[in-house]
Amino acid sequence: TRQELRDGAVLLRERALAVDRALLDAIEMIVAQSPFRRMVTPGGFQMSVAMSNCGRVGWVTDRTGYRYDPRDPETGAPWPAMPDVFRTLVREAASEAGFDGFAPEACLINRYEPGTRLSLHQDKDEQNYAHPVVSVSLGLPATFQFGGLKRSDRPMKVPLQHGDVVVWGGPSRLVYHGVLALKDGEHPLTGRQRFNLTFRKAL
Ligand code: MD5
Ligand code: FE
């Protein structure tokens, strides 16, 4: 099912279900090379979400700021390549939401455990906001918050479940968003975890 959450934000419920195991296997391969780690924000806070990346560049934060980096700062090596199963799913989903030819070079992999949250923010570290951001949810359900272009706009709550894909484009590309503290639970494929893949054209 295809549901427009607001102008430019399209929720494709369970769109990734047919390839869920392939996506999770690929995550396992990636984090064997570039392990999950909790990064530090420029303000000095350690994030509760653990992150890794694949693709030509990866999103990182440390005391010096946010950036896209071609190398994993923890290992010094390039990030693992973006698997074809990621590339194909995301290209198709973006197309279904009205963005043909979406070819992201960055995939941020977020890992949430019970209690982990992502506070309200905008994604502003990319060069060109004409490209959408595509996100894929796997494992435990989460409550996603998304508001408006001002932090003070009251956010609306959207439950995101295993296999859901969201395409954030057009007027939704720069809206404030976050994830509420993950509720404890058990998912047959991921246990007590939620993974989110966030695909962006960074360059
Ligand atoms: C997550 N990750 O569930 C989310 C999914 C992040 C992040 O927010 O920055 O790693 S991506 C959600 C997103 C991206 C761009 C725009 C909007 C939402 N939006 O307009 O609401 O781990
Ligand atoms: Fe974000």
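Strand β2 (residues 9-12) is covered on both faces: Ala9 and Leu11 are buried on one side, and Val10 and Leu12 are buried on the other. This is a predicted model. In it, β2 belongs to an open sheet of 7 strands, and an iron ion (ligand 2) is held by His121, Asp123 and His177.

**The sheet**

- The strands of the open sheet follow the order β1-β2-β11-β8-β13-β6-β3, and their pairing is antiparallel.
- Strands β1 (2-6) and β3 (50-55) are the edge strands, and each of them pairs on one side only.
- From one strand to the next, the twist averages 20°.
- Strands of a sheet pair through backbone hydrogen bonds, in either a parallel or an antiparallel arrangement.

- Strands β1 and β2 run antiparallel and are joined by 4 bridges.
- Within this pairing, glutamate 4 has valine 10 of β2 as its bridge partner.
- β1 and β2 form a hairpin with 2 residues between them, and glycine 8 in the turn has a positive phi of about 95°.
- β2 is also joined to β11 by 4 bridges, and these two strands run antiparallel.
- Leucine 11 has valine 166 in β11 as its bridge partner; leucine 11 is also one of the buried residues of β2.
- Strand β11 (residues 165-168) pairs with strand β8 (residues 133-139) in the antiparallel sense, over 4 bridges.
- In that pairing, valine 136 has valine 165 of β11 as its bridge partner.

**The helix across the sheet**

- Helix α1 (residues 20-33) lies across β3, β6 (106-112), β8 and β13 (194-200).
- The helix runs at about 95° to β8.

**The iron site**

- The iron ion (ligand 2) is coordinated by NE2 of His121, OD of Asp123 and NE2 of His177, at 2.0 to 2.2 Å.
- Along the chain, the donors follow the spacing H-x1-D-x53-H.
- Histidine 121 lies in strand β7 (residues 118-121) and histidine 177 in strand β12 (residues 177-179), so the pair ties together parts that are 56 residues apart in sequence.
- Histidine 121 is partly exposed, with a relative accessible area of 22%.
- Histidine 177 counts as buried because its relative accessibility is 14%, and buried means under 20%.

**The largest pocket**

- The largest pocket has a volume of about 760 Å³.
- It is lined by 35 residues, and the closest to its centre are Met47, Leu118, Ser119, His121 and Asp123.
- Of these, His121 and Asp123 also coordinate the iron ion (ligand 2).
- Strands β6, β7, β8, β12 and β13 each supply at least two residues of the lining.

Key
Residues are numbered from 1 along each chain as its sequence is written. Chains are lettered from A and ligands numbered from 1 in the order in which they are written. This is a predicted model: local features need pLDDT of at least 70, side-chain atom pairs count only at pLDDT 80 or more; totals for chains, interfaces and linings use all residues. Side-chain values use heavy atoms; hydrogens and water are left out. Donors are N, O and S atoms within 2.8 Å of the metal (3.2 Å for Na, K and Ca); water is not among the atoms, so sites may look incomplete. Buried means under 20% relative accessible area, exposed over 50%, partly exposed in between (1.4 Å probe, protein chains only). Two strands pair if DSSP finds at least two bridges between them. Axes are lines fitted to C-alpha atoms, for helices over the stretch in contact, and angles run from 0 to 180 degrees between N-to-C directions. Contact means heavy atoms within 4.5 Å. On a 1 Å grid over the protein atoms alone, a cavity is a set of points where a 1.4 Å probe fits but cannot get out, and a pocket is an open set with protein on both sides within 12 Å along at least five of seven lines; lining residues have an atom within 4 Å of a point. Grid points are joined across faces, edges and corners, and a volume is the space filled by probe spheres set on the points.
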